[in-house]
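Opening the notebook on this one.

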Amino acid sequence: MKKTILFSACAALSLSMVACGGNPNKAKNAEAAAETKAEAKAAPVYNVIDKPQVDLATLPVDKEGYYVIFDGKTFNGWRGYGKDNVPAKWTIEDGAIKFNGTGGGEAQKADGGDLIFAHKFKNFELELEWKISKGGNSGILYLAQEVEAEKNGQMKLQPIYISSPEYQVLDNENHPDAQLGVDGNRKSASLYDMIPAVPQNAKPFGEWNKAKIMVYKGTVVHGQNGQNVVEYHLWTPQWTEMLENSKFSSQKWPLAFELLNNCGGENHEGYIGLQDHGDDVWFRNSRVKVLDQTAGRAMKRKLFTAV
């Protein structure tokens, strides 16, 4: 599916028509201004890539009804974002998925890049453990799409985080990102650059942290080390407002705004991803429960009373 983004312009035109009170001349002037704005802010044409997905029926299910998406030994079901294989910098060490960093930030070299589990989840609860190296940065992405956009006449793969909310993974004490953003919204377990994790209860670098992410009909909760730390609601005016106040706003990054504002695409589903941010990071004990309506309502009531 190919699309061109004109949301900002359309919104501006609608507001201008209301403000003009139906005056034809003022309406024409407003329309012309909106068209000029559309030309200035039009984002590139983009395409959502569809690839074969893992059949969940082939995965083991634990006694609590979770699909085990990492068995501690193999990369079954995993591949690189925008790739058909697992990049070489992702390895398995002591029963954990490890990214072997170079310290180069978001370098995304050919043998690196983000890792995704090749199944699109809709309503689900994800549990895993993670630990980060000193000064390290990474993230857990969800509802992600594989997106390519036009640049210089060619379609280029776009970063995973422009279509996916991010559960931040960070060494809060030693990485400068912890001091950026607003009110700590770039610290561990935060909805990156939008909502800070409260309380901020991350363990120091080199120690294992427990993470939970629940998505159910637009309600999202982040859990960290036994406590709920973030709750928000996708596909609402409040969600759009948060995007507009972030680095992903319609003015700063029109393509990211379009994709995130319609997070998960038409079906409200997407991949789970682990971020290559250039630093050593480990993930283990990864499992996912698919939530039906009954399970989802129960989960919303308890909202991670235990992580």
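Before any pairing goes down, I note the rule: two strands pair if DSSP finds at least two bridges between them. Strands are DSSP runs of E with at least two residues, helices are runs of H or I with at least four, and both are numbered from the N terminus.

Ground rules next. I am working on a predicted model, where local features need pLDDT of at least 70, side-chain atom pairs count only at pLDDT 80 or more, and totals for chains, interfaces and linings use all residues. Residues are numbered from 1 along each chain as its sequence is written, and side-chain values use heavy atoms, with hydrogens and water left out.

**Entry 1, the whole chain.** I looked up the secondary structure and got five helices and 17 strands for the protein chain. Of its 307 residues, 50% count as buried (under 20% relative accessible area with a 1.4 Å probe, protein chains only; exposed is over 50%, partly exposed in between). The accessible surface comes to about 14200 Å² (Shrake-Rupley method, 1.4 Å probe). Carbon and sulfur atoms hold 50% of that surface. I also checked contacts (heavy atoms within 4.5 Å): among those between residues at least 6 apart in sequence, 72% join residues at least 24 apart.

**Entry 2, the sheet.** I found an open sheet of five strands, ordered β4-β7-β16-β9-β12, with antiparallel pairing. Its edge strands are β4 (78-80) and β12 (166-170), each pairing on one side only. The twist averages 25° from one strand to the next (axes are lines fitted to C-alpha atoms, and angles run from 0 to 180 degrees between N-to-C directions).

Is β16 buried or exposed? Five of the five residues of β16 (residues 270-274) are buried, so the strand is largely enclosed by the rest of the structure. I then went through its partners. Strand β7 (residues 115-121) pairs with β16 in the antiparallel sense over four bridges. Within that pairing, G273 is the bridge partner of I116, and L115 stands opposite L274. Strand β9 (residues 137-144) is joined to β16 by three bridges, also antiparallel. There, L141 stands opposite G273.

Last stop was Q224, which lies in strand β14 (residues 219-224). I have Q224 down as buried, with a relative accessible area of 0%. What does Q224 touch, not counting residues up to four places away in sequence? My list reads W130, Y167, S188, A189, Q200, N201, A202, K210 and V229.
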